[in-house]
Amino acid sequence: MSINPIEYRNGACRMIDQRRLPSEEVWLEYRDYQGVAEAIRSMVVRGAPAIGVAAAYGAALGARDIEAADFAGFMQELERVCAVLAATRPTAVNLFWALERIKTRAVQLTGKALGEIKAALLHEAQVMAIEDEAINRAMGRHGAALLSDGARVLTHCNAGALATAGYGTALGVIRAAVESGKQVSVLADETRPFLQGSRLTAWELHRDNIPVTLICDNMAGTLMRQGAVDCVIVGADRIAANGDVANKIGTYSVAVLAREHGLPFYVAAPLSTIDLSLNHGDQIPIEERSPQEITHCGNVRLAPEGIQVRNPAFDVTPARLVTAIITERGVVQGDYLNGLAALFNRTD
Ligand code: MRU
């Protein structure tokens, strides 16, 4: 049932324009890597795993159009294409992970005809999209066990099908619980300023007939205090080796509230979101976006002209506030430093 927001068809990467949801369902077509880079930057596509898959398609489209005399020239150009895609958004590590995977695949094919390499890179991007949905379904199966029948789950931002190649991470856990026969309802934070909760999470859950109630971000605390929330599940844009979690701005506040009210705070994310090269969350680059997202709603001005604005798009939740991290290889709790590293050493 859940939507697949990115697809490859007839030489083009097609994406649903997430800026226009829920009012309009418009699909945009990108035929070159510059277009895909702009789609990521302007948030036609957003959400860490979806950004990764889009970047892989972008790199494959860029590779297809390279005119080089030999492999060395091809790789030089591919590096340039990947650098343009990498410069679009800084926080979600899936973007860099995906570009590395495409470049590594190219290197594995050293000595092959360039035409063959180009076809293999497109194939790799398609495999990454298919794998992403399968990973989310596996994550869902692991995470669903944490939700009791009747659970009322609060989520922040959109970590759903729209934020991935399909099914979703946090919303994948909810979908899997529902598929296993549990009654689960969702409280969706609207997620100021870009409104991924009201525009996207509410849209996709409502479309899939999963009970969802939209709330403003500043209502989470009072609803927890009234006993209307059983647990929190969010996604992640990057998780450091010690389990610190970067996710949409406002996630940290929700985690603090969950701790105050004794509620479990779960993070669902694939291994491609875990960055073992960073010791802790303060090393995660946090994107600062345009003041316009705060001062305006569409074309309507909400704040005085000339006002100073801060707009960090993400925050870091310290690992001590995270009850468990749900991945496609199982659930990690407590000792994140060893637990997360161990996931990478497993072969299943
Ligand atoms: O700025 P966005 O919309 O790309 O931010 C998205 C989030 O913060 C999501 O929660 C995160 O990427 C997890 S998506 C499975």
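Is Y57 buried or exposed? Y57 is buried, with a relative accessible area of 4%. Keep in mind that this is a predicted model, so every value here is computed from that prediction.

**Aromatic pairs**

Let's start with the rings. There are two aromatic pairs in the structure. One of them brings Y8 and Y57 together in a stacked arrangement, with 5.8 Å centre to centre and 10° between the planes. That pair ties together distant parts of the chain: Y8 belongs to strand β1 (residues 6-9), Y57 belongs to helix α2 (residues 48-64), and 49 residues separate them. Y8 has 21% relative accessibility, so it counts as partly exposed, whereas Y57, at 4%, is buried.

Then there's F71 with F74. Their ring centres are 6.5 Å apart and their planes meet at 35°, so this pair is tilted. Why tilted rather than stacked? Stacked needs planes under 30 degrees apart and edge-to-face needs over 60, so 35° falls into the remaining class.

**Charges over rings**

| Charged residue | Ring | Distance to ring centre |
|---|---|---|
| K248 | F314 | 4.1 Å |
| R289 | F194 | 5.9 Å |

In the R289 case, the charged end of the side chain is what sits over the F194 ring.

Zooming out, the protein chain splits into domain 1 (6-136) and domain 2 (139-343). Their C-alpha centres are 25 Å apart. How many residues of domain 1 are in contact with domain 2? The count is 28 residues from domain 1, touching 34 residues of domain 2.

The size of an interface is often given as the accessible area lost when the parts come together. On the domain 1 side, R46, T91 and N136 supply 26% of the area buried against domain 2, more than any other three residues.

As for salt-bridge geometry, the side chains of E287 and R89 meet at 2.8 Å, N to O.

Methods: Residues are numbered from 1 along each chain as its sequence is written. This is a predicted model: local features need pLDDT of at least 70, side-chain atom pairs count only at pLDDT 80 or more; totals for chains, interfaces and linings use all residues. Side-chain values use heavy atoms; hydrogens and water are left out. Rings of Phe, Tyr and Trp (its six-membered ring) pair if their centres lie within 6.5 Å; planes under 30 degrees apart count as stacked, over 60 as edge-to-face and the rest as tilted. Helices (H or I, at least four residues) and strands (E, at least two) are DSSP runs, numbered from the N terminus. Buried means under 20% relative accessible area, exposed over 50%, partly exposed in between (1.4 Å probe, protein chains only). A charge sits over a ring if NZ of Lys or CZ of Arg is within 6 Å of the ring centre and within 35 degrees of the ring normal. Domain bounds come from an automatic or database domain assignment. Contact means heavy atoms within 4.5 Å. Buried area is the accessible area (1.4 Å probe) that two parts lose on being put together, summed over both. A salt bridge is a side-chain nitrogen of Lys or Arg within 4 Å of a carboxyl oxygen of Asp or Glu.
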